[in-house]
Every structure is written in C-alpha cells, then in structure tokens.
Amino acid sequence: MRMTLTTFKRLYKDYQESGLNIKDFCTNQDLAPSTFYYWRNKLEEALAHEPDSFVPLEFDSNPLATNNQTSQSLIRVSLL
C-alpha cells in the first residue's frame, strides 16, 4: 500500500478508535512502527500549519465606488 497523508489520516483514525497501543496496532496492520511514527509526525506538522478558524468577511456594495477605486472601509470582519 502506498502511504499518503490522506491515507495515513484514515489509518490514524482507525488507530485511535482501536484502543490498541501503537506497537500492537502496527502489528495488526502489518506496518512498521517507524513508518507509523514518521507519518504521525507529518500529520502533526500539517495540522500545525492549518488555520485555527475561519474569519468571514462582509463586503459592502458601494454604488459610488468604481472598479478602479477601492476603500478599506468596504471590507468588514465579522467576529462571531
């Protein structure tokens, strides 16, 4: 099986749901523990770079603004 981050995400979810320790889980999956640790580190790195939340923006339509003019006041951040 070719391992990708997406594939490992599914495998990691299976590991968490199994209740087994890493060694036993890897034995059941015929996977070297070193491979599991390698991909777990890759997953943690990827998750560390994801934003914590999404900030929605509202754009006001201003009939006085032309395509060539922009104004900072046209963009408002909605904090929920």
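Colleague: Quick one to start. Where is the place of Asp30?

Modeller: Asp30 sits in the loop between H2 and H3. Bear in mind that this is a predicted model.

Colleague: Is Asp30 buried or exposed?

Modeller: Exposed. Its relative accessibility is 73%, and the cut-off for exposed is over 50%.

Colleague: And what is the phi of Asp30?

Modeller: Near 55°. That is a positive value in a residue other than glycine. Most residues other than glycine have a negative phi. Asp30 follows H2.

Colleague: Let me step back. How many helices and strands are there in the protein?

Modeller: Three helices and two strands. From the N terminus, the order is α-α-α-β-β.

Colleague: What share of the residues is buried?

Modeller: Buried residues are 19% of the 80 in the protein.

Colleague: Back to H2. Which of its residues are buried?

Modeller: H2 covers residues 22-29, and its buried residues are Ile22, Phe25 and Cys26. Look down the axis of H2 and they fall within an arc of 95°, so they line one face of the helix.

Colleague: Why would residues a few places apart point the same way?

Modeller: An α-helix has 3.6 residues a turn, so residues three or four places apart point the same way.

Colleague: What does the face turned away from the buried side carry?

Modeller: That face of H2 has the exposed residues Lys23, Thr27 and Asn28.

Colleague: And what covers the buried residues of H2?

Modeller: The cover includes helix H1, residues 5-18, and helix H3, residues 33-48.

Colleague: Take H3, then. At what angle do the axes of H2 and H3 cross?

Modeller: At roughly 110°, and the axes come within 9 Å. That makes H2 roughly perpendicular to H3.

Colleague: Which residues make that contact?

Modeller: From H2, Ile22, Phe25 and Cys26. From H3, Pro33, Phe36, Tyr37 and Arg40. The residues of this contact of H2 with H3 divide into six nonpolar, no polar and one charged. Notice that Ile22, Phe25 and Cys26 are the buried residues of H2.

Colleague: How do H1 and H3 pack?

Modeller: They pack at an angle of about 105°, with their axes 10 Å apart. That makes H1 roughly perpendicular to H3.

Colleague: Which residues of H1 and H3 meet?

Modeller: H1 brings Leu5, Phe8, Lys9, Tyr12 and Tyr15. H3 brings Phe36, Trp39, Arg40, Lys42, Leu43 and Ala46. The residues in the contact of H1 with H3 divide into eight nonpolar, no polar and three charged.

Colleague: New topic. Where does Asn21 lie?

Modeller: In the loop between H1 and H2. At 41% relative accessibility, Asn21 counts as partly exposed.

Colleague: What does the side chain of Asn21 reach?

Modeller: The backbone nitrogen of Asp24, at 2.7 Å.

Colleague: Last residue. Where is Thr7 found, and is Thr7 buried or exposed?

Modeller: Thr7 is in helix H1. Thr7 is buried, at 16% relative accessible area. The cut-off for buried is under 20%.

Colleague: What polar contact does the side chain of Thr7 make?

Modeller: One with the side chain of Thr4, at 2.8 Å.

Definitions and conventions
Residues numbered from 1 in each chain as written. Predicted model: local features only at pLDDT ≥ 70, side-chain atom pairs only at ≥ 80, totals over all residues. Heavy atoms only, no water. Buried < 20%, exposed > 50% of the residue type's maximum accessible area, 1.4 Å probe, protein only. Helix = DSSP H or I, 4+ residues; strand = E, 2+ residues; numbered from the N terminus. Arc of directions from axis to C-beta. Contact = heavy atoms within 4.5 Å. Polar contact = N/O pair within 3.5 Å; in protein donor to acceptor, adjacent residues only side chain to side chain. Axes fitted to C-alpha atoms, helices over the stretch in contact; angles between N-to-C directions. Parallel < 35°, antiparallel > 145°, perpendicular 65-115°, else oblique. Nonpolar A, V, L, I, M, F, W, Y, C, P; charged D, E, K, R; others polar.
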